Amino acid sequence: MSPSVRLQEMIRVIRSARTQGEERGVIQRECAAIRAQFRQVDNGGRSHNLAKLLYVHMLGYPAHFGQMECVRLIASPRYNEKRVGYLGAMMLLDEKQDASLLITNSIKNDLSHSSQYVQSLALCTLACMGSAEMCRDLAPEIDRLLRASNSYIKKKAALCAVHIVRKVPDLGELFTPAARSLLSEKNHGVLHGAIVLITELCERNPETLSQFRKAVPELVQIMKGLVMSGYSPEHNVAGISDPFLQVRILRLLRILGRNNDTASDAMNDLLAQVATNTDSSKTAGSAVLYETVLTVMDIKSESGLRVLAVNILGRFLLNNDRNIRYISMTSLQKIVLTDHNAVQRHRGTIVDCLKDPDASVKRRALELSLALVSAVNIRSMMKELLIFLSSCPQELKSQAACGIFNAAERYAPSQRWHIDTILHVLTTAGGDVSDETVPNLIQLITTAADLHCYTVHKLYRALVTDISEQSLVQVACWCIGEYGDLLLLGECEDTEPVQVTEDDVLDALETVLQSHMSSPATRGFALTATMKLSTRITDNVDRIRSVVSIYGSCIDVELQQRAVEYNALFKKYDHMRAAVLERMPVMDKNSLGHTNGELGFGLVKELESNKPKQGEQTAASEPMNQVCDLLDLLGGSQGSATAGPASNTLSSPGGDLLDLLGGLEPTATPPAPAVTVYEKNAVTLKLHCDSRIGPNLTVTLTASNSGDSDLSSFTLQAAVPKSVQLQMKAPSGDFLPARAAGVLTQTVLLNNPTGVNLKMRVRVSYSCQGSTFQDTVQIDSFPGPGY
């Protein structure tokens, strides 16, 4: 191929290459010829060679050796060469290249050129690849061109100013006066560029934002002109007058009206006019309406206008275009938190979108449907969600199951309905539920004492029918172990009477133990259930003993240990077997002991909202009495372990014991003064470090209410770093009287074995005059040394 071949011929030869190697050879030969011609002083085909090199660059081959040729062509007086040079600069140069600094002076000269086309080349190049240094040097020239009389130049200068503001935000003040004057322009391009420039200025400078809020009436008039009479016929798209400019103006109005009553009031009528007069049957009209909805929901608009915006999104749900349905549900997902009732009117349409074949639309419909569940519609919505769960794609089963669990826990009309719903989910998607499902369901079953017989019968039927769903099998085994005697009675008013024998129950559990589908955890549940039945049946104890002894040599260490311990109960400790295997007491979900959580993920432990029962107080005092008895044996304790509120199970016994050894100083640090960690809405929360022994720290949170109204349902939630252990004691109550008439206290035990910087996040929630309040505070430092 000749070195002087035309660009079209080179493209034809490259496209006709049969292999990548042949293409590479053609390009290498041509690049060598281009290099040779670049080195010639008198080269009349420089622009021609650079154009070929740019095509090679677009194919992905190296073309950096043409950077200096771009600089030379930009400095050329010929327009054809200058045009190719600027195009090469935009493609081959960026702010990281030293060669880009060499064209700054050429751009400055061309910005003052007599030809508008040469000026436009310089403006486009600066807007494309101008570095921060180039922007600072040439910003005055751009400001001058913004005030020029040529609309063609002002349009390009406005877009170039946008690039400068993004690169160097401090230069925004330079363009503010000129940008304000551009709003009076009639040219579409100039006005569009001015709106984009003003939007950038307002987003980056609050002072500029307040200045342009005065221009809201002018923007409203421009927008009304577009809606009512049209701007120019050449910018009409599918019957919508200049939709691109409308969208830009609406976006700017959203920024100007945010958190400002005056600006919002000035644009309310306009937004209502746009929302009612814009045709949504075309994509251009839908784009304008969607931007209108975003503006209405972001400013301080009237309630009727917000309902109108939600109705527009509801109409979008009926659109045949899946993209429009998707963005509609995305917007409704954000709105449902603030305008729940308005979105609730479109519940039927949203639920219908669960049947959409598009996976993205289906996922959004699921998220929105879960957000719409309330105490009023829980039964109807849950029916639709359970139908969806049975046929939804595999990738959505886990999300759907988790959402159903959360909704059922919050709005369950009865405990039986709650249990039935969770069992239905476990039967349908048991393999896709989270690990917390099993303990949560067990806790729910233990608290529903009237439903123990009903639940164990239903779970037994599910266990006999299918043992593939591990979560369901685990709960069934646990219930059979706990309430097997109720199952054997065969008397249950809520279900059909079924006579179950001891052999039937043991056969079902042995099937679980021997199945290859059972996980080690599931076998542990089944073995424990089998062992518990030894105290609930009379005729098959020897069979249970035989089953347990078999697993004493199991390869699974956990299962083997359980079996060995259970064998010991049959032999050496048979007199204790009935007491050890008695029915579990009712478990309180809010007092499960220790909890760990990452601060970043907001994992919290909700504290008990009720006062401790009398039995709990007695049980808690027994260890203290045992400590006193031990000190009495040594002589001279005088019951100090129970004297005074400053004593506690962590510090007092150790201190008394050291006193017996001759007045040694105890290791516990002296109590630090209380500090206020939260003070808002008349609620004050103080933190007091009671004692510290090594890594253990005892903290007391004290809440008071200085307002005029009583606070009820007062609860706290807390989270600590993962390496810190957190144990909560029962709070003193959940009612906080007004005018500081009383306080609530909460004791927190922290164990920090690794010595990390101790932090704690506390969430305060309470009800006042029928309204619920919630706030979060993070405690980054604790009073006392080392914290």
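The chain holds 35 helices and 12 strands; helices (H or I, at least four residues) and strands (E, at least two) are DSSP runs, numbered from the N terminus. This is a predicted model, in which local features need pLDDT of at least 70 and side-chain atom pairs count only at pLDDT 80 or more, while totals for chains, interfaces and linings use all residues. Residues are numbered from 1 along each chain as its sequence is written, and side-chain values use heavy atoms, with hydrogens and water left out.

Q: What percentage of the 787 residues in the chain is buried?
A: Buried means under 20% relative accessible area, exposed over 50%, and partly exposed in between (1.4 Å probe, protein chains only). By that rule the buried part of the 787 residues is 48%.

Q: Why is strand β7 largely enclosed by the rest of the structure?
A: Strand β7 covers residues 696–705. It is largely enclosed because, of its 10 residues, the number buried is seven.

Q: Which strand is joined to β7 by nine bridges?
A: Two strands pair if DSSP finds at least two bridges between them. β7 pairs with β6 (residues 683–693) in the antiparallel sense over 10 bridges, and Leu685 stands opposite Ala703 of β7. The strand joined to β7 by nine bridges, also antiparallel, covers residues 743–751 and is β10.

Q: Which residue takes a positive phi in the hairpin of β6 and β7?
A: This hairpin has two residues between its strands. The phi in question is near 60°, and the residue that takes it is Gly694.

Q: Which residues form the covered face of strand β9?
A: In a regular strand the side chains alternate between the two faces of the sheet. Strand β9 (residues 725–728) pairs with β10 in the antiparallel sense over four bridges, and Leu726 stands opposite Leu750 in β10. The uncovered face of β9 has Gln725 and Gln727, and the covered face has Leu726 and Met728.

Q: Is Leu744 buried or exposed?
A: Leu744 is found in strand β10. Contact means heavy atoms within 4.5 Å, and, not counting residues up to four places away in sequence, Leu744 touches residues including Leu701, Ala703, Phe714 and Phe735. Because its relative accessibility is 7%, Leu744 counts as buried.

Q: How do the residues of the contact of α26 with α28 divide into nonpolar, polar and charged?
A: The axes of α26 (residues 437–447) and α28 (residues 470–489) come within 10 Å and cross at roughly 35°; axes are lines fitted to C-alpha atoms, for helices over the stretch in contact, and angles run from 0 to 180 degrees between N-to-C directions. Among the residues making the contact are Leu441 and Ile445 of α26 and Trp478 and Tyr483 of α28. Ala, Val, Leu, Ile, Met, Phe, Trp, Tyr, Cys and Pro count as nonpolar, Asp, Glu, Lys and Arg as charged, and the others, Gly among them, as polar. The division is eight nonpolar, three polar and no charged.
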